[in-house]
Amino acid sequence: MKVILLAAGRSKRAKPIEDKNFLRFCGKYLIEHQLDSLQKAGFTDIIVMGGAHNLQQLRKITKKFTNQDSGQIIVHEQMKLDDGMAGAILDASKITGDDDIFIVSSNDVVDQKAYDLMFKASQNGADSYLLAYKVEEYFPGGYIKVDTDSSSESHGQITGIIEKPGEGNEPSNMVNLVLHLHKNPSELYQTLRETSSDRDDRYEVALDKLMKERKFQAVPYEGYWQPVKFPWHVLDLMDHFLEKHTDDQPNIDPSAQIAASATIRGNVKIAPGVRVLDNAVIQGPAYIGENTIVANNALVRGSIIGKNCVVGYSTEIARSFIGDDCWFHTNYVGDTVMGNNVSFGAGAICANLRLDEKEIKSGEDHNKVSQTTGRNKLGPIFGDNIRIGVQTSIMPGIRIGSNSMLTSGLTIAQDIAPGKFVKAAAPSQDLEILDNRAQLDPNARDEMKQHLTDD
Amino acid sequence: MKVILLAAGRSKRAKPIEDKNFLRFCGKYLIEHQLDSLQKAGFTDIIVMGGAHNLQQLRKITKKFTNQDSGQIIVHEQMKLDDGMAGAILDASKITGDDDIFIVSSNDVVDQKAYDLMFKASQNGADSYLLAYKVEEYFPGGYIKVDTDSSSESHGQITGIIEKPGEGNEPSNMVNLVLHLHKNPSELYQTLRETSSDRDDRYEVALDKLMKERKFQAVPYEGYWQPVKFPWHVLDLMDHFLEKHTDDQPNIDPSAQIAASATIRGNVKIAPGVRVLDNAVIQGPAYIGENTIVANNALVRGSIIGKNCVVGYSTEIARSFIGDDCWFHTNYVGDTVMGNNVSFGAGAICANLRLDEKEIKSGEDHNKVSQTTGRNKLGPIFGDNIRIGVQTSIMPGIRIGSNSMLTSGLTIAQDIAPGKFVKAAAPSQDLEILDNRAQLDPNARDEMKQHLTDD
Amino acid sequence: MKVILLAAGRSKRAKPIEDKNFLRFCGKYLIEHQLDSLQKAGFTDIIVMGGAHNLQQLRKITKKFTNQDSGQIIVHEQMKLDDGMAGAILDASKITGDDDIFIVSSNDVVDQKAYDLMFKASQNGADSYLLAYKVEEYFPGGYIKVDTDSSSESHGQITGIIEKPGEGNEPSNMVNLVLHLHKNPSELYQTLRETSSDRDDRYEVALDKLMKERKFQAVPYEGYWQPVKFPWHVLDLMDHFLEKHTDDQPNIDPSAQIAASATIRGNVKIAPGVRVLDNAVIQGPAYIGENTIVANNALVRGSIIGKNCVVGYSTEIARSFIGDDCWFHTNYVGDTVMGNNVSFGAGAICANLRLDEKEIKSGEDHNKVSQTTGRNKLGPIFGDNIRIGVQTSIMPGIRIGSNSMLTSGLTIAQDIAPGKFVKAAAPSQDLEILDNRAQLDPNARDEMKQHLTDD
């Protein structure tokens with residue numbers, strides 16, 4: 001049995017997040033969490049399908065897994081990324097031989113239990129097994145249709161997958177997630193090869209054909225499921241990992257230095273080398289990465305902070321996912337997703353609430369349609385290697401592309417493409433410089449000072 | 001004896017404050033404070049004259065008084081608000097019958113003692129009694145003229161009221177406040193009816209006539225007096241009520257939750273359900289209303305905060321009156337008056353001092369003349385239901401009308417009418433977006449970090 | 001022996017710093033530090049050469065020295081400031097008579113040891129003595145050339161000073177600093193008189209002539225040396241004086257009031273009358289001047305704060321030199337040099353780092369060439385009597401002239417001349433005021449509040 005972990009996607013809809021596989025949740029890359037779960041469930045032979053854009057990083061990450069006794073992980077390149085999932089499976093087939101395969105998408109995050117269920121189910125007599133997620137309300141995905149005719153030969157088997165049937169027309173309460181286990185997959189490979197490569201849904205079309213000939217079984221699953229498609233899904237995932245990976249009590253590495261006046265409360269994990277300075281507060285759930293500094297008066301709550309960050313003086317980071325090497329200084333960062341190496345000038349602010357407190361929209365698809373986010377609190381989204389000037393504000397849901405710089409004193413209410421340098425256009429930066437005719441009263445301050453500390 | 005409490009005024013000069021009667025000082029509406037004082041002095045039968053704009057709210061507030069044993073309070077509608085004080089008295093006369101009346105303006109706030117003095121004085125033999133406030137320096141009001149001729153029959157009686165006589169021409173050091181007690185008021189009613197309703201000063205004209213026939217007595221008073229005409233008078237009243245209603249020691253309701261690291265010092269009253277979070281400081285005098293949160297690192301001093309407010313992270317509120325349901329987040333609010341349901345985005349600031357530190361002017365009257373405030377520290381004034389975007393600054397003395405929204409990053413130096421949505425006009429929001437040619441040194445931060453916590 | 005302390009320079013290149021002699025380091029004017037050192041070394045008879053612009057202040061400062069037993073200090077006016085150093089010496093010669101002279105520039109700060117070395121060396125048999133600073137790498141100054149021919153009559157004597165020889169062409173590793181002691185200076189005076197007064201380098205030319213006739217000896221010196229030419233040199237000096245004048249342990253005057261929750265750590269000196277309020281942190285090295293208030297949550301580190309300042313609520317001052325009577329309120333001030341009586345509105349920020357983290361340039365010389373600073377962290381530089389509006393940001397290395405005011409919400413990226421009033425030019429301050437059509441959900445806040453203090 002070989003796992004084909006599909007990780008070659010280019011995260012287009014997650015932009016400006018560069019590659020969701022490499023987001024680190026509580027110290028581990030997302031793909032590490034998935035590899036861990038697969039190995040724990042008993043899937044020890046894994047092919048990670050990458051693309052030219054992430055192959056090197058995937059190899060680096062999987063190296064330590066490969067050195068373990070727990071199995072073998074090979075990173076394999078998908079040559080034509082436009083061939084999508086079908087292309088990835090066919091490329092993988094060059095090294096799977098006739099082995100059974102377990103196809104897993106890196107776009108879906110599920111509990112360990114889902115992998116366990118698939119591992120156990122695979123010992124039954126069906127040809128293919130699909131993870132079937134039980135939904136409680138309508139979700140615009142692919143619904144699993146099962147033969148419920150008890151007199152039928154195929155009773156209990158999957159007979160089709162109905163894409164977005166519309167509310168009320170669902171053939172079941174089970175949605176198809178891409179955790180698909182196929183025994184003797186040569187027929188699948190053949191069918192994929194015979195399906196036109198122009199089609200986006202080549203794999204789905206192939207499944208549809210196979211279901212008519214082979215026995216497909218649904219593996220019902222009720223636990224955690226989170227797709228990772230849009231950037232704000234990172235916040236949902238963060239909540240999941242914070243809850244999963246930490247405790248009711250602070251878990252502080254002994255090498256961390258915590259000021260006596262600092263407060264660390266609740267479900268907080270603090271990695272080695274962290275320094276927490278005077279009067280800082282970390283309110284769980286929270287994760288603070290290696291060698292990060294949480295400076296004077298800072299407040300971190302409901303957030304993941306990566307490694308080597310500086311949460312500077314008088315900065316609040318609330319309900320946000322922050323990558324590595326990010327620097328802050330007297331900032332507010334709320335409900336924000338941020339890549340690596342982003343720096344904020346003093347006083348820069350992430351707005352996270354509309355004035356009318358309505359749902360925040362973010363970005364536009366190729367049809368110029370703004371995407372709904374389902375959130376009325378959402379900050380901006382940042383890629384990697386970004387610099388923000390002092391006093392600059394960025395509006396809710398705005399996306400700032402990697403390698404961009406925003407100068408000081410701006411109000412950013414539009415998405416910024418990667419690699420841009422943004423400043424105020426003249427004349428919005430024009431000053432009027434007059435002679436100063438005001439006279440200051442040298443004694444005015446004395447009286448004011450008098451009242452400063454009255455009690 | 002019936003009190004006629006004049007509360008139908010539309011607070012035009014106090015705008016954007018909606019109705020000064022309903023400002024809550026230390027948990028009680030201003031009009032409640034006045035009703036309390038009247039009842040304590042022995043005036044148990046009260047007619048509150050309201051207008052269509054505030055009748056419902058007046059009825060709601062007075063309901064609890066009416067249920068008490070202490071007397072009866074009726075809210076009565078003045079039909080034509082443009083008829084002013086004379087109209088209110090005549091409308092009230094429909095239910096006073098021939099009872100003696102005590103006319104009290106809700107525009108003046110005085111000590112309990114003033115009501116007590118009036119109550120006692122009314123047992124003397126005069127026909128009418130006016131509260132006479134002793135001034136120490138010239139004030140542009142109505143001065144009481146008393147017959148000082150000891151041989152005169154009317155010796156000691158009031159013979160007239162001189163409006164704004166000009167400094168040096170005052171007929172006495174006593175200013176007329178509208179706490180007027182009239183016995184057998186039918187003659188007053190008749191005179192009012194006979195005075196042209198075109199006149200603004202109909203009541204004053206009527207008094208003038210009556211003084212020639214009836215015996216008017218001044219009731220001298222030296223205690224607290226504060227007119228409530230302009231919005232900044234709310235700050236004067238606040239100081240009064242803070243001083244009056246609290247103690248040298250904090251008075252904290254047992255249901256309040258106070259973090260161990262929070263500091264509460266001096267004359268501070270904390271209502272039920274309040275939460276004070278880590279490192280917050282409340283420096284007396286101060287009042288914190290029911291269920292309000294004073295969050296991490298916040299500083300509140302010399303202020304009244306209403307109920308259900310959130311004084312968020314790293315916010316300072318100094319010498320300000322804040323209504324109910326107001327939210328702040330890393331803001332500075334100084335010397336400011338604010339209605340209910342006002343929210344500030346992070347980093348928004350109330351400026352409260354001119355650069356030249358001179359007196360702040362506020363608003364314009366119908367002649368486009370800016371009003372002097374007598375203050376060199378005064379923040380902006382806010383009505384109800386207002387939203388302020390992140391990083392927006394509002395200049396000293398500026399008035400923001402109810403139901404308005406100001407977007408982010410603005411500098412507001414003009415009054416904003418009610419119900420407006422304010423944003424930067426293009427091109428003041430134009431950005432110039434260039435290609436970013438800067439190269440970042442990956443090691444630059446290491447050295448900086450080295451120095452961060454050196455000691 | 002008379003010291004001629006040259007203090008008439010107009011600090012042109014240090015602008016907007018008004019007069020570097022009057023910068024107070026750790027409670028003492030720079031010129032006091034120099035006078036102290038001279039007296040300690042044994043130089044008791046001192047002529048301070050001033051100009052019309054600083055004579056009065058020099059007299060005030062030196063008065064207390066003159067009253068001491070330690071010697072006599074006379075302030076003497078240089079009449080033609082354009083005549084430079086030569087002019088100052090010749091003006092001084094009118095009162096030195098034939099006494100030996102020790103010429104000291106106030107532009108160079110050296111250790112006590114340098115003065116001691118000069119005092120001791122002067123008892124040898126040479127005619128003139130120049131302090132010779134040993135450099136370890138090339139510095140663009142005047143290098144001392146010594147006769148190294150052991151057979152020569154003038155072996156070991158200085159034979160010339162080579163100005164900026166270029167790296168690799170240095171005649172020695174010794175740079176000439178203006179601590180020059182001349183015995184029998186009448187010949188020097190004569191030579192100066194004979195040298196054309198059109199030349200900038202009149203004194204240097206005179207020395208060159210004299211070296212051919214008289215015996216000049218180098219006094220080698222390896223200790224601290226800091227020129228005070230550009231404003232950022234003040235930061236270098238600050239580091240020096242902080243290190244020199246304080247201790248590993250806080251040194252707090254008993255009259256200072258320190259809140260129990262405040263933290264004072266390391267090499268910190270606190271002058272009389274200082275108040276440090278709740279949760280403030282002062283991290284050494286730091287000096288806090290008389291009667292200054294460090295308010296709630298403020299952080300001061302690596303800085304000198306003058307007297308009568310207010311470091312207001314939630315303000316960070318890092319690695320900065322702050323004069324007297326400066327006020328802050330929720331500001332960030334980093335790597336900044338500031339004169340006296342400068343006030344910041346809430347939220348105003350000193351930017352101290354370029355977005356590209358490269359070296360900061362500051363100002364322009366008469367050829368419009370920006371000056372390199374050798375620093376990648378440098379805030380703006382402020383003169384005296386300046387007011388900054390709320391939310392205004394000033395970019396790194398920008399110079400703000402004395403007696404200027406900057407209004408609110410500006411981003412200042414250009415030098416501001418003295419005596420200016422700066423505001424946004426229309427239309428960059430134009431607002432668009434529309435009707436507000438947004439509807440607020442009265443219950444939205446309840447749910448948000450629910451999550452505020454969850455743990």
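Predicted model: local features only at pLDDT ≥ 70, side-chain atom pairs only at ≥ 80, totals over all residues.

Visitor: How many residues do chain A and chain C put into the contact?
Guide: Chain A contributes 43 residues, and chain C contributes 41 residues.

Visitor: Which elements of chain A each supply at least two residues to the side that touches chain C?
Guide: These are β19 (281–288), β39 (431–435) and α8 (444–452) of chain A. The most comes from β39(A), which gives five residues to that side.

Visitor: And how many residues on that side of chain A are nonpolar, polar or charged?
Guide: The side of chain A that touches chain C has 21 polar, 12 nonpolar and 10 charged residues.

Visitor: Back to β39(A): which strand of chain C is it joined to, and by how many bridges?
Guide: It is joined to β38 (residues 420–424) of chain C by five bridges, and the two strands run antiparallel. Within this pairing, E432(A) stands opposite K423(C) of β38(C).

Visitor: New topic: which residues are buried in helix α5 of chain B?
Guide: In α5 (residues 186–194) of chain B, the buried residues are L188(B), Y189(B), T191(B) and L192(B).

Visitor: Why do they line one face of the helix?
Guide: Viewed down the axis of α5(B), the buried residues fall within an arc of 165°, so they line one face. An α-helix has 3.6 residues a turn, so residues three or four places apart point the same way.

Visitor: What do those buried residues pack against?
Guide: The buried residues of α5(B) pack against α3 (84–96), β11 (174–182) and α6 (202–211) of chain B.

Visitor: And which residues are exposed on the other side?
Guide: On the other side of α5(B), S186(B) and E194(B) are exposed.

How values were computed: Residues numbered from 1 in each chain as written. Chains lettered and ligands numbered in written order. Contact = placed C-beta atoms within 7 Å. Helix = DSSP H or I, 4+ residues; strand = E, 2+ residues; numbered from the N terminus. Nonpolar A, V, L, I, M, F, W, Y, C, P; charged D, E, K, R; others polar. Pairing = 2+ DSSP bridges. Buried ≥ 20, exposed ≤ 12 C-beta atoms within 10 Å, placed from the backbone. Arc of directions from axis to C-beta.
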